[in-house]
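This briefing is meant to be read with the sequence and the structure open side by side. It begins with one of the helices and then moves on to other parts of the chain.

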Amino acid sequence: MKCFRCDQTGETLLRCSRCRVATYCSRKCQVEHWKKQHKAECGKQQLSLKYPGVFERDTSTFYDRITPDVCAKLMENGYAIIDNFLSEGWANALLAEVQFLQHANLLEKNKTQFPKANGTVAQFEKPNIYEADLHNATVRQQVPELDALFHQDDLCYALATHTKLDLIPGTQGKTLKVQYNAGFGGCFPCHYDNPGRPNKRKLTCLLYLNPSWAPGDGGEIQFYPFLAREPITLAPLMNRLVIFSSDSLLHRVLPAAQPRHCLTIWLDGASVNLPEHTQLSLTACDLNEGWEAFTKRLAKSPVQRLLSRGVYAEEYLKSLIECMGKAKEGFDDMVQSHNAHLERLHKNQLLFALVERLRAYR
Ligand SMILES: O=C(O)CCC(=O)C(=O)O
Ligand SMILES: [Fe+2]
C-alpha cells in the first residue's frame, strides 16, 4: 500500500472511512488532501458488507465433522479432506467477507521471505496473490465472521482430541490468513508451511471458497507425499476443508486461470521442530536391511525436509518458474538459492548418495 498522493510506503497509512480504498500517509498528505479533497473525490462509494442469505455460525459442528476417521487419515496419510465443512449459508457469508476485504483494498500483495544464496534474507512478491492476516485488528474489525473464526478454539480442540497432537489453543497458537488469488497464473511454488525453526506450525487447515470452480480453472493444490509415486491434486471447491501436516507435506498450488479464494488456518504445536525433526541420523541398518522401514519413517517425519529439495529438485524448479515467471523480480535469487542448496547437498557425499537412492526409489 502506498500513499495516494506522495507515493510514500511504509508509513502509517490512513484509509478513507467511506470508500475504504484511498490511503494517505499520516503526515502532510492526510491533512492537505484527504480532508479537503478526497471527500469530494471518493464520491461516497461506501462499501458495505452484505451477506447473501441468513446463516448460523455454530462452531460446535466442528466436533461432528472432524471425526476419529478423518483424524486417522490425517495421521496416516499426512492429509485429510472434509467436503461441505460448514453450513452453506455460513460458507457463503465467509466468502462475502473475503470479497469485501478484497474490494475494500484491505488485502495486500503477498510477501514471502526467502533465504538468499549469500546467507541474507530476500523478500519477494508472489504475482497475483493478495492476503490479509487476521492478527491485524484493522482487518479483523471489518469482518465479524472471520473474526469469530479467528477467535474460536473448537477447530483446535476437535483436531487435538482425535490426533493427540499438542496443538496450542488461543490466538497465540493460530494464524488465519485470507487469500485472494486474482488468477492470471497466480500460484505457489513447492514448499513446506513449516520449513524449520522458529516456525511453530503443526497443522494447516485450508477452507476453499470458490462456488463456480470448474476443471480448467486451475488453482488446484498439489501434494507430494514424500517418496509417493504420484502427486495428489485437489480442486479448491466451495466449502472444502483440507487439513495437512505443516511440517511434513511438500505442496504447491498450480497456476490459477480464474480468481480464487482461500482461508488458511495454521495451528501451532507445542513440540514442533524437535532435534529429531531437524537433524538426520542414519545407521547402517537404515541403508541396508532396514531400508523399507527407514523410507516409511521418513515419509511421516519432518526430517524429510532436509532431503526434499534434492529428491524433488525438478518439481521445485518447475513450480518456481511457473509461480514467478522468469522475468519477475526475485526469480533469479530464488533459483540461485535453490541451486546453492543442491550444491551443498552434493558436497556431502553421504547425503548426496542417500538423495540419489531416494530419487531412484521414488
Ligand atoms: O492456496 C492454497 O491452496 C494453499 C496456499 C499455501 O500453500 C500457503 O499459503 O502456504
Ligand atoms: Fe502452503
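Predicted model: local features only at pLDDT ≥ 70, side-chain atom pairs only at ≥ 80, totals over all residues.

Of the 362 residues in the protein, 34% are buried, and of the contacts between residues at least 6 apart in sequence, 74% join residues at least 24 apart.

**Helix α14**

- The residues of α14 that count as buried are Leu354, Val355 and Leu358; because they cover an arc of only 100° around the axis, they lie on the same side of α14.
- On the other side of α14, the exposed residues are Gln349, Ala353 and Ala360.
- The helix runs over residues 349-361, and its 13 residues should span 18 Å at 1.5 Å a residue, which agrees with the 18 Å between its end C-alpha atoms.

**Helix α12 and its surroundings**

- Helix α12 (residues 313-324) has twelve residues and reaches 17 Å from its first C-alpha to its last, which is close to the 16 Å expected at 1.5 Å a residue.
- Tyr316, Ser319, Leu320, Cys323 and Met324 are the buried residues of α12; they cover an arc of only 110° around the axis, and therefore sit on the same side of α12.
- The elements that cover these buried residues of α12 include the strands β9 and β14 as well as the helices α11 and α13.
- Just after α12 comes Gly325, which takes a positive phi of about 70°.

**Cys190 in strand β9**

- Cys190 is found in strand β9, which covers residues 186-191, and it counts as buried because it has 23 C-beta neighbours inside 10 Å, where 20 or more are required.
- Leaving aside neighbours within four places in sequence, Cys190 is in contact with Leu250, Arg252, Tyr312, Glu315, Tyr316 and Ser319; of these, Tyr316 and Ser319 are also among the buried residues of α12.
- Although Cys190 and Tyr316 are 126 residues apart in sequence, their C-alpha atoms are 5.3 Å apart in space.

- For residues 171-269, the UniProt record, an unreviewed entry, lists "domain: Fe2OG dioxygenase".
- Around ligand 1 are the residues Gln179, Phe188, Asp193, Leu206, Ile221, Pro236, His251, Val253, Cys262 and Thr264.
- The shell around ligand 1 divides into six nonpolar residues, three polar ones and one charged one.
- The strands β14 (250-256) and β15 (260-268) each supply at least two residues of this shell.

**Met238 in a loop**

- Met238 lies in the loop between β12 (232-234) and β13 (240-245), and it counts as partly exposed because it has 19 C-beta neighbours inside 10 Å.
- Not counting residues up to four places away in sequence, Met238 touches Ala91, Tyr208, Leu209, Asn210, Pro211 and Trp213.
- Met238 and Leu345 are 107 residues apart in sequence, and their C-alpha atoms are 41 Å apart in space.

**Backbone details to check**

- Most residues other than glycine have a negative phi, and most peptide bonds are trans.
- Asn128 is not a glycine, yet it has a positive phi of about 70°; it is placed in the loop between β6 (121-124) and β7 (129-133), and it is buried, with 20 other C-beta atoms within 10 Å.
- Leu227, which is not a glycine either, has a positive phi of about 75°; it lies in the loop between β11 (221-224) and β12, and it is partly exposed, with 18 other C-beta atoms within 10 Å.
- The peptide bond from Arg197 to Pro198 is cis, with omega near 5°, and Pro198 is found in the loop between β9 and β10 (201-208).

Note on methods. Residues numbered from 1 in each chain as written. Chains lettered and ligands numbered in written order. UniProt positions renumbered as here; feature names shortened; annotations may be inferred. Near = placed C-beta within 6 Å. Helix = DSSP H or I, 4+ residues; strand = E, 2+ residues; numbered from the N terminus. Nonpolar A, V, L, I, M, F, W, Y, C, P; charged D, E, K, R; others polar. Expected span 1.5 Å × (residues − 1). Buried ≥ 20, exposed ≤ 12 C-beta atoms within 10 Å, placed from the backbone. Arc of directions from axis to C-beta. Contact = placed C-beta atoms within 7 Å.
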